Amino acid sequence: MAQIDRVLRSNLKLRHLQMLVALDQFRHLGRAAEFLSVTQPAVSKTLAEIESMFGLPLFERSTRGTEPTAAGASVVRFARSVLAGYDRTRDEIAAEASGASGRTSVGAMVSATPVLLAQAVQRLKARSHRTTVLIEEGDLARLLPKLRLGELDLFVGRLEPGYASPDLETEPLYDDPMVAVARPGHALARRRAVQWADLAGQPCVMPPPWASLRVKLEQQFFAHGLHPPADIVESASFLSQITFLHQRGAVAFMARTVARHFAQQGMLAVLRLPVQVALPPVGLITLRGQRVTPVTGLLVESLREVGKTA
């Protein structure tokens with residue numbers, strides 16, 4: 001234990017951490033060497049040096065490439081966390097030196113990007129136009145590991161209860177129910193009331209099969225004695241949804257705030273159909289105990305302000 005503590009505190013250098021992360025990313029000595037602009041023997045020598053420090057094998061070599069051992073996976077997580085902290089500190093210092101106001105990294109679900117996050121960034125930019133905001137879209141399964149490693153400063157999206165954890169702090173901002181949408185001028189858009197039976201025979205853009213929303217929407221059809229639409233395209237992308245609304249006359253489902261945003265731009269029409277699907281609120285997730293940088297704090301304030309008007 002004392003040896004491992006000494007290695008983690010004193011012996012590991014930045015180049016060691018960068019090499020471990022590259023090797024984990026590419027799972028191949030040659031490709032990791034190419035990425036780092038060094039020779040493959042140099043990567044092999046550095047890896048052997050690190051394993052000698054720990055007294056443990058960190059990667060298994062084979063003709064197919066390299067795979068981290070259990071100990072190697074733990075060291076790689078440590079390396080990613082340290083490098084993320086290094087990048088954040090470097091950016092903060094560089095921002096101060098250049099007169100800029102800093103940088104923040106946000107993981108966002110697509111449902112939070114067009115309205116909540118876009119308006120919050122606009123407010124932040126009004127206060128500090130030289131602030132840089134990095135936005136990475138995805139779902140909780142992909143973004144929470146990055147938040148835990150320090151690669152993201154916060155997450156914005158639906159607060160799915162299944163992802164609640166003691167190491168995470170959640171803050172709900174507002175509820176955002178689903179609505180059905182179609183292109184402007186669609187026959188259903190002109191009706192004063194739309195029924196689920198009207199949608200069953202239409203081309204439809206549905207969430208991917210793995211999305212919990214997909215199951216809930218299909219249950220709505222079954223609850224009304226109907227089969228879900230057979231002519232479907234599966235996508236969570238707003239660009240894909242709007243494209244197929246116009247090209248195929250399809251219907252789709254969006255969060256109400258997002259649908260209103262696109263309707264105001266004349267890109268779609270919200271159908272008069274009650275979509276009684278229970279969804280978690282939209283809000284923020286941060287890592288408990290992690291220091292929030294001043295610029296991230298300003299963005300959080302802006303998100304809260306926008307959330308009050310949603």
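How exposed is R304? R304 is partly exposed, at 37% relative accessible area, where partly exposed sits between buried (under 20%) and exposed (over 50%), using a 1.4 Å probe and protein chains only.

A quick note before the views: this is a predicted model, so local features need pLDDT of at least 70 and side-chain atom pairs count only at pLDDT 80 or more, while totals for chains, interfaces and linings use all residues. Residues are numbered from 1 along each chain as its sequence is written, and side-chain values use heavy atoms, with hydrogens and water left out.

**View 1. E171 and R304 meet in a salt bridge.** The N to O distance here is 2.8 Å; a salt bridge is a side-chain nitrogen of Lys or Arg within 4 Å of a carboxyl oxygen of Asp or Glu. This pair links distant parts of the chain, with E171 in strand β6 (residues 168-174) and R304 in helix α12, 133 residues apart. Helices (H or I, at least four residues) and strands (E, at least two) are DSSP runs, numbered from the N terminus.

View 2. R127 lies in helix α6 (residues 113-127) and E301 in helix α12 (residues 294-309), so the pair ties together parts that are 174 residues apart in sequence. R127 is partly exposed at 41% relative accessibility, and E301 is partly exposed at 40%.

**View 3. E136 and K146 join in a salt bridge.** The N to O distance is 3.7 Å. E136 sits in strand β4 (residues 132-137) and K146 in helix α7 (residues 140-148), 10 residues apart. Both E136 and K146 belong to a salt-bridge network that also takes in D24, R27, E67, R80, R142 and E151. Counting the whole structure, there are 19 salt bridges.

**View 4. Here is the largest cavity, about 40 Å³ in volume.** On a 1 Å grid over the protein atoms alone, a cavity is a set of points where a 1.4 Å probe fits but cannot get out, and lining residues have an atom within 4 Å of a point. Grid points are joined across faces, edges and corners, and the volume is the space filled by probe spheres set on the points. Lining residues include R88, D153, T286 and V292.

Terms used
On a 1 Å grid over the protein atoms alone, a cavity is a set of points where a 1.4 Å probe fits but cannot get out, and a pocket is an open set with protein on both sides within 12 Å along at least five of seven lines; lining residues have an atom within 4 Å of a point.
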